[in-house]
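Subject: Structure handover

Hello,

Here is the structure we talked about.

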Amino acid sequence: MACLAFFAGIGLGQPYIYLKTRTVDPVQADPQGPMEAQRQSSQRFTPGDRVHRLIQFEGFPGDDTRLVLAERGVTVIDYVPDNSFLISGPEDLNLEGLGVRWSGALGADDKISPMIEQPLTGMRLDAFDFVVAFHGDISMSSAREAVLAAGIELRDHADLDPHHLLVHTTVDFIVAMSEWDEVAYIFPASDALAGGQPTQACAGALTTAGTVGQYIARVGEGWDGPGLGSAQIRYVFGPLTTQQPWDSVKAEIRRALDEWSRVANVAFVPGTNAAGSKTINILFATGNHGDGFPFDGPSNVLAHTFYPAPPNPEPLAGDMHFDDAERWRIQSDIDLYSVALHELGHALGLAHSDKPGSVMYPYYRMATNLTAEDVGAILTLYAPPGTQAPVMTITPTAPETSGATVTLTGSVVGGLAPLGVRWSTDRGDSGVGTGSAAWTAVVSLQLGVNTITLTATDAQQRSVSSTVVVTRIAVAPTPAPVTLQITGPTAAGAYSTNSAALVLSGTAADSSGIARVDWSSSRGGSGTASGTAAWTIGALTLLPGDTTFTVRATARLGAFAEKGIRVTYTAAAGPPDKTPPSITVTTPASTYFYTSASTLVFSGRATDTVGIASVSWSTNTGKSGMASGTTSWTASIPIVPGANNVKIQATDLAGNTAWRTVVVSRN
């Protein structure tokens, strides 16, 4: 049985290759340098002239690079952080035109786990149990024959990973096997494997760029980015297994979340939006469940997990999916807590450990707590726990002022640096203060009472807030009249055109500020302009003949001004447009989507040769409405429990339509 952990293909921007034996800077690894100075894997038991090698690219190698490699006879075996492939290809492989930064062999010394003591001199006669991982393109029947021919004892185990062999031999033989080109990595076998006990394999980290091998030390920087910081991560439960009571399922997964928070500065809090950033969506599914990685039924892949962002894109980053075709149990058999604890290690950014008995060892085991090995691994990504929450004080200020701003000062003690202070008002204004332990905030005020909320947040996303009430009194009781101008397509009061699409633009001003600019048409229709002091309306669809458009600018204190323009539209001669528009949905990214939210924000683009008139939406539940925008559009759409068939339709200025459908399942 196996688990899979995924991340999507974007570059991490780091120049190193991260192996468990060492961190390699290929810039320093010239053909005679440190990389090539390692013992090389020069022996082969498979016929032909194909060899395995590492290739690092200047940027992330995308689908175009993989296609060119395939055309040159290359098989991509693994993705190697950062920006590298481990490949199988001809010895005289042509790498020209691929943006290759460095290419070289994976050294034989890099194939032996640092947890295996290599001999210094002479022969070591004691035999031990090891797991030998072979590259994914190697025939395992040929691998077995080669191992037996070398006089090495094979031990069969029904639950081995398909590319692993279990051997009982000396360290000297292991050193000799590391020189085989076909071998990827060798690490100690657990007691369960050596004793023939039932276990389940986690197939390791699978990415859109390929698998991540056991020889890899790290993938990504965790949710907190480079350095040892902290992170607050939300989690949302999607569809759950019916094999156990839902309260018990949630309790076991929360127990696993708490275990990781106990040893690292990561805080897990319940979320409401499965598609939100820094949110782990936890769900059970079978077969093809909409993420491009279908489950394979019982007795193989138990679960799969997506690495954090970066390198993964939201909203998939960190998501954990469990195969509901497996026989899930609590504290027995396929133990939910033990699998969740292992998968959360991947969700936090950890690769597999070589140490038998650790939670992140590539074969699951019944677990109660994280081991010292797991704790040491997670503390390479995050800071240790136990920092005092921040406490904020605000210096008293005058309750009234006639100014447009007020300067507030104060201090923050405690918390994990860096600290930040933000402010917001009940009148819709917000901003960022300067300083941290001692801070200053220049706050915008509107006329009347302003309730100001100041919030200090530390690096662990723990926050503390306080409020101040300041009243701004008016200096001039009589505001100046609102001014409004239409400047485009003309400043005159009338305009003639042969185009069916019209864009209006202009300016508006008031001493209290402009709250909004609206428009209405004498032929029907109305809406709100984009912008206030400088505003734009469009594209408006014209009907043949005269149409009067009225624009109203409303000030923040309620005063308004109106301007009108008469537009005469005469259609240009020529055949009618029959080409439908083009419409794409970019969010959500999948045509099949799971959520627990009652509302989802859809967005996308629409294009047409004559212009887009409108974008609308409707659902099979009877809901419908208009999207905001045309060429770039957004729509907030209500989602009811069960299946929601959401249809997004674009209409061009000639009346042609096109649509896209997204199926959203809400638990």
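Start at W260. Leaving out residues up to four places away in sequence, W260 touches V266, F268, L341, L344, G345, L348, L350, M360, L370, D374 and I378. Contact here means heavy atoms within 4.5 Å.

Before the rest, the ground rules. This is a predicted model, with local features needing pLDDT of at least 70, side-chain atom pairs counted only at pLDDT 80 or more, and totals for chains, interfaces and linings using all residues. Numbering runs from 1 along each chain as its sequence is written, and side-chain values use heavy atoms, with hydrogens and water left out.

**Cores**

W260 belongs to the largest nonpolar core, which has 43 residues. A nonpolar core is a set of buried Ala, Val, Leu, Ile, Met, Phe, Trp, Tyr and Cys residues joined through side-chain atoms within 4.5 Å. Buried means under 20% relative accessible area, exposed over 50%, and partly exposed in between (1.4 Å probe, protein chains only). The residues with the most contacts inside this core are W260, F268, I280, F322, L348 and Y382.

Which elements each supply at least two residues of this core? They are β15 (231–237), α5, β16 (266–270), β17 (279–285), β18 (301–306), β19 (320–323) and α6 (336–348). Helices (H or I, at least four residues) and strands (E, at least two) are DSSP runs, numbered from the N terminus. The largest share, eight residues, comes from α6. Another core, of 26 residues, lies apart from this one; L19, F187, Y307 and A351 are among them.

**Salt bridges**

The search of the whole structure finds 11 salt bridges. The criterion is a side-chain nitrogen of Lys or Arg within 4 Å of a carboxyl oxygen of Asp or Glu.

Two of them sit in helix α5 (residues 246–263).
- E252 pairs with R255 at 2.9 Å, N to O. The two are three residues apart, about one turn of the helix. E252 is buried at 9% relative accessible area; R255 is partly exposed at 31%.
- E259 pairs with R262 at 2.6 Å, N to O. Again the spacing is three residues, about one turn. E259 is buried at 6%; R262 is partly exposed at 47%.

D110 and R22 form a salt bridge too, with the closest N and O atoms 2.8 Å apart. This pair links distant parts of the chain, 88 residues apart. D110 is in the loop between β7 (100–104) and β8 (127–134), and R22 is in the loop between β2 (17–18) and β3 (23–24). D110 is buried, at 2% relative accessible area.

There is also a network: salt bridges link D129, E153 and R155.

**Strands**

An open sheet of four strands runs β23-β25-β29-β28, with antiparallel pairing. Two strands pair if DSSP finds at least two bridges between them. β23 (391–394) and β28 (434–435) are at the edges with a single partner strand each, so one side of each has no neighbour in the sheet. β23 pairs with β25 (residues 405–413) over four bridges. V391 has V413 in β25 as its bridge partner.

Elsewhere, β41 (residues 592–595) runs parallel to β47 (residues 657–666), joined by four bridges. F593 stands opposite V664 in β47. F593 and T595 form the covered face of β41, whereas Y592 and Y594 form the uncovered one.

Best wishes
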